[in-house]
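Q: I am new to this structure and would like a close look at a single part of it. Could you take me there step by step?

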Amino acid sequence: MDKLVVFGARPLIGEVKISGAKNAVLPILAATLLTDEPCTIKNSPNLRDTNTMIRILRSLGKNVEFDRDVIEVTSKANGKFTAEYKLVSTMRGSFCVLGPLLAKLNKARVSLPGGCVIGVRPVDLHLKGIEALGAEVKIEGGYVNAKAKILKGNHIYLGGEFGSSVLATENVMMAATLSKGKTIIEAAACEPEVEDLANFLVKMGARIEGQGTPRIEIEGVKNLHGAEHKVIPDRIEAGTFLIAAAITKGKITLNGVIWQHLLAVIDKLAQAGVRVKRTDGRMIVNAKTRLKPVNITTLPYPGFPTDLQAQFMALMAVTPGISIITEKIFQDRFMHIAELNRMGANIQREGPHSIVQGVKYLSGAPLMASDLRASAALVLAGLVAKGRTDISRIYHLDRGYENLEVKLKALGANVRREKE
Ligand code: EPZ
């Protein structure tokens, strides 16, 4: 197992190219199950999660080649309709093969994703959506068993207790593409990754309107053909680098980004005193300024993303004053607090709120990563801490960041990967 060793207190300076979006490439790969024809997915990030999804497609009979950032999915699937526990349990995102398998084969058997450290993550909305399309669903042996003689379009309200669901919207939208008649999804997730998936489906011949809004309309078609698609840039990776510049008081240019996907983040950074210049496909952040405390509340898109909450907390941990960080999407997404406090931060949790009292400095320490975004926050804290920080279990980081330490080193960071 690898760990990262970080020596802090150097401003990050230079340019970084942002990779394709993890949370777009995963459902897009799952969507290739909707056709027997070849698909080409460009700007694909080489991540642990991407490779897990590729293993699932191969287990369902697809030929998949991954060369640099291009994934070629060819060949007819082998009629298998089971996504195994051993793969699905390692990555919740793989649950989005349910919709495509059901639509293409009229049956699907997908392992329930199981527990997650960031919160209880039920799949009731996914099941409600496919049942509304006429599927018969049974939970047995830890698997969702779904089948349908025919899927029929329907008008579905998909809002949950915490608002819209990204993967549930994606699963139901994919199932509806080959259903009979029209489906309307209300309270659909508006995330750019949902929109990117819909745009890929449209290239495959699907009839979809309203993607990127809370009301998506899908007119079912008989079948879908192959297509080529370039995945959108990863706004969460981009946001992580914006905060890395702010926390190290550096100056970074981010290339290959869609800044419109980060307006809520840019707004909060501006409130904290960090200005982000934006041009076509590029953002320039110059953070040689005195930071101010800011409160954030995580919300579904276009609100402040929960996937940047931990990173923003690391920034506020070294910002003079008090900020309140409220997590409204995943109630337990605070595993990073204890680790940041080990570095000398002063953060108290009160239910969904965390009260962050900024400290003058953090000191390097041995830390343990607990989940993907928490591990990114620990890396950012290590970049500004005095001395050496060791972050173990970085397999969490590799799930969602492509060559993070290589990119950081190119910006002048003193960071290296080591065997534990
Ligand atoms: C997606 O997860 C992302 N994952 C997550 O990114 C991201 O944090 C999340 O959306 C929110 O933006 C992928 O796209 C692969 P949700 P998803 O369903 O779809 C509740 C990362 O770090 N809910 O939108 O699983 C749920 O418990 C990962 O890259 C139900 O109640 O999240 C949560 O409170 C982590 N019933 C809320 O909705 C359901 O059936 C939003 O979750 C489904 C969800």
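At what relative accessibility does Asp307 stand, and does that count as buried or exposed?

A: Asp307 has 15% relative accessibility, so it counts as buried (buried is under 20% relative accessible area, exposed over 50% and partly exposed in between, with a 1.4 Å probe and protein chains only). This is a predicted model, in which local features need pLDDT of at least 70 and side-chain atom pairs count only at pLDDT 80 or more, while totals for chains, interfaces and linings use all residues. Residues are numbered from 1 along each chain as its sequence is written, and side-chain values use heavy atoms, with hydrogens and water left out.

Let's start with the partner of Asp307. Its side chain meets that of Arg333 in a salt bridge, 2.7 Å from N to O (a salt bridge is a side-chain nitrogen of Lys or Arg within 4 Å of a carboxyl oxygen of Asp or Glu). Helices (H or I, at least four residues) and strands (E, at least two) are DSSP runs, numbered from the N terminus. Arg333 also counts as buried, because its relative accessibility is 8%.

Now look at the ligand beside this pair. The shell around the ligand has 21 residues, and Asp307 is one of those that come nearest, along with Asp124, Leu125, Ser165 and Ile329 (near means that a heavy atom of the residue lies within 4 Å). Arg333 reaches the ligand too: an N or O atom in its side chain is 3.2 Å from a ligand oxygen atom. A polar side-chain atom of Arg373 lies 2.8 Å from an oxygen atom of the ligand. For Leu125, a polar backbone atom is 2.8 Å from a ligand oxygen. (A polar contact is a pair of N or O atoms within 3.5 Å; within protein, one must be able to donate a hydrogen and the other to accept it, and residues adjacent in sequence count only if both atoms are side-chain atoms.) The ligand exposes 840 Å² when taken alone, and the protein buries 91% of that (areas come from the Shrake-Rupley method with a 1.4 Å probe).

Helix 5 gives the most, with three residues.

Asp398 and Arg417 form another, at 2.8 Å from N to O. Asp398 lies in helix 13 (residues 395-398) and Arg417 in strand 24 (residues 414-419), so this pair ties together parts that are 19 residues apart in sequence. Asp398 counts as buried at 18% relative accessibility, whereas Arg417 counts as partly exposed at 30%. Both belong to a network of salt bridges that also links Asp2, Glu405 and Lys419. The side chains of Arg416 and Glu418 meet in a salt bridge as well, at 2.7 Å from N to O. Arg416 counts as partly exposed at 33% relative accessibility, and Glu418 counts as partly exposed at 25%.
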